[in-house]
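The sequence and structure are shown first.

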Amino acid sequence: MAIGSGLGAQLGIAAEVSYGTYVAPTKFVEFTKEGLALKKTTAQSAGIAAGRLLPLSARRVLTRQEVQGSIDFEVTNKSMGLLHQALMGTAVTPVQQAATAAYLQTHTLASIAGKSLSIQKGVPLTTGTVTDKSFVGCKVTSGEFSCSVGEMLTASFEFDGKDCDESQTLAAASYPSMSPFHFGQMALKTGTYNSETAHDGIRKVSVKIERPQDTERFYAGQSGRKKEPIENDQIKITGSLETDYVSTALDDLHTSDAATSLVWEFVGPLIETTYFETWRLTLPAIRIDEGPPVVDGFGVVKPTYNFTGLYDGTNQPRIEIISTDVTL
């Protein structure tokens with residue numbers, strides 16, 4: 001029997017073979033907050049009948065249903081692969097590094113067609129009984145990463161899903177030993193692609209990747225459920241850099257509107273030989289939109305530079321993870 005509060009909750013995920021077909025969870029995510037919920041659309045008959053003052057309960061119908069919501073979590077050194085694959089699109093197999101226990105995942109930006117998750121949520125009653133809500137056909141519509149002074153690297157993923165199935169058996173949650181990436185491991189680099197250099201004065205970094213999709217594919221013959229959303233716009237990558245004004249490097253990029261490659265990385269403990277636990281985001285081309293320094297008092301000048309991620313014509317954005325995960 002679990003604790004009858006959020007302390008007893010669980011969240012498990014699995015990659016689906018076909019959109020909207022449930023797959024029992026294979027990984028369990030340590031999350032900080034979630035908002036996944038079934039959304040339904042109903043219609044009420046408005047027929048006039050002599051003397052009837054209230055709509056008939058029997059004449060209300062359920063016309064469509066879907067899933068929407070988000071999951072917030074700390075980015076850790078284990079069990080992150082499935083979520084990153086659902087965001088970035090490339091089918092990833094971890095690659096062993098030399099003959100060590102370290103494995104590299106390279107999540108390169110690509111189409112997310114066919115990339116959907118089953119997400120099983122366990123919600124505790126006050127009695128300690130944990131109820132099952134299994135969401136199927138969950139597509140990532142955006143993912144935002146953020147880290148500032150003294151904090152963990154955190155992520156917030158938005159989802160669109162097909163349906164909620166409450167008939168499944170709640171899986172027994174299990175968690176590997178894991179630790180979060182944090183500000184003490186963080187570095188921010190810019191410059192020529194593959195030759196970026198570290199910046200001083202960086203206080204906070206955030207990056208958001210949006211995956212626009214047509215989520216309104218409701219057709220006759222589908223029992224009020226949608227078909228798999230289809231990408232219907234270019235990917236949007238935006239971010240911000242909160243800094244102390246220690247140099248003019250970023251300010252000069254704003255003034256000239258020149259492109260630069262950006263690398264945001266976290267390097268943790270040694271796994272083996274020369275391979276360390278790592279989370280690394282590479283944006284081969286960004287341009288700074290706004291953020292020139294202004295003096296608004298006696299304190300240190302602290303500009304915030306907002307930027308847009310673009311395609312450099314050759315290299316796609318990617319997220320690399322080095323961990324001991326042999327599979328996603």
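A residue is called buried when its relative accessible area is under 20%, exposed when that area is over 50%, and partly exposed in between. Lys 302 has a relative accessible area of 46%, which means that Lys 302 is partly exposed.

The model is predicted. A total of 17 salt bridges is counted in it.

| Lys or Arg partner | Asp or Glu partner | N to O distance |
|---|---|---|
| Lys 139 | Glu 228 | 2.8 Å |
| Lys 302 | Asp 244 | 2.7 Å |
| Arg 280 | Glu 320 | 3.5 Å |

Lys 139 and Glu 228 form a salt bridge. This pair joins distant parts of the chain, 89 residues apart: Lys 139 belongs to strand S9 (residues 130-148), while Glu 228 lies in the loop between strand S15 (213-214) and strand S16 (230-231). Lys 139 is buried, at a relative accessible area of 1%.

Asp 244 and Lys 302 also meet through their side chains. Both partners sit in loops, 58 residues apart: Asp 244 between strand S17 (236-243) and helix H2 (249-256), and Lys 302 between strand S19 (275-290) and strand S20 (304-310).

Arg 280 pairs with Glu 320. Arg 280 is in strand S19 and Glu 320 in strand S21 (residues 318-323), with 40 residues separating the two. Arg 280 is partly exposed, with a relative accessible area of 21%, whereas Glu 320 is buried, with a value of 12%.

Salt bridges also link Arg 64, Glu 66, Asp 160, Glu 216 and Lys 226 into a network.

Technical notes:
Residues numbered from 1 in each chain as written. Predicted model: local features only at pLDDT ≥ 70, side-chain atom pairs only at ≥ 80, totals over all residues. Heavy atoms only, no water. Salt bridge = Lys/Arg side-chain N within 4 Å of Asp/Glu carboxyl O. Helix = DSSP H or I, 4+ residues; strand = E, 2+ residues; numbered from the N terminus. Buried < 20%, exposed > 50% of the residue type's maximum accessible area, 1.4 Å probe, protein only.
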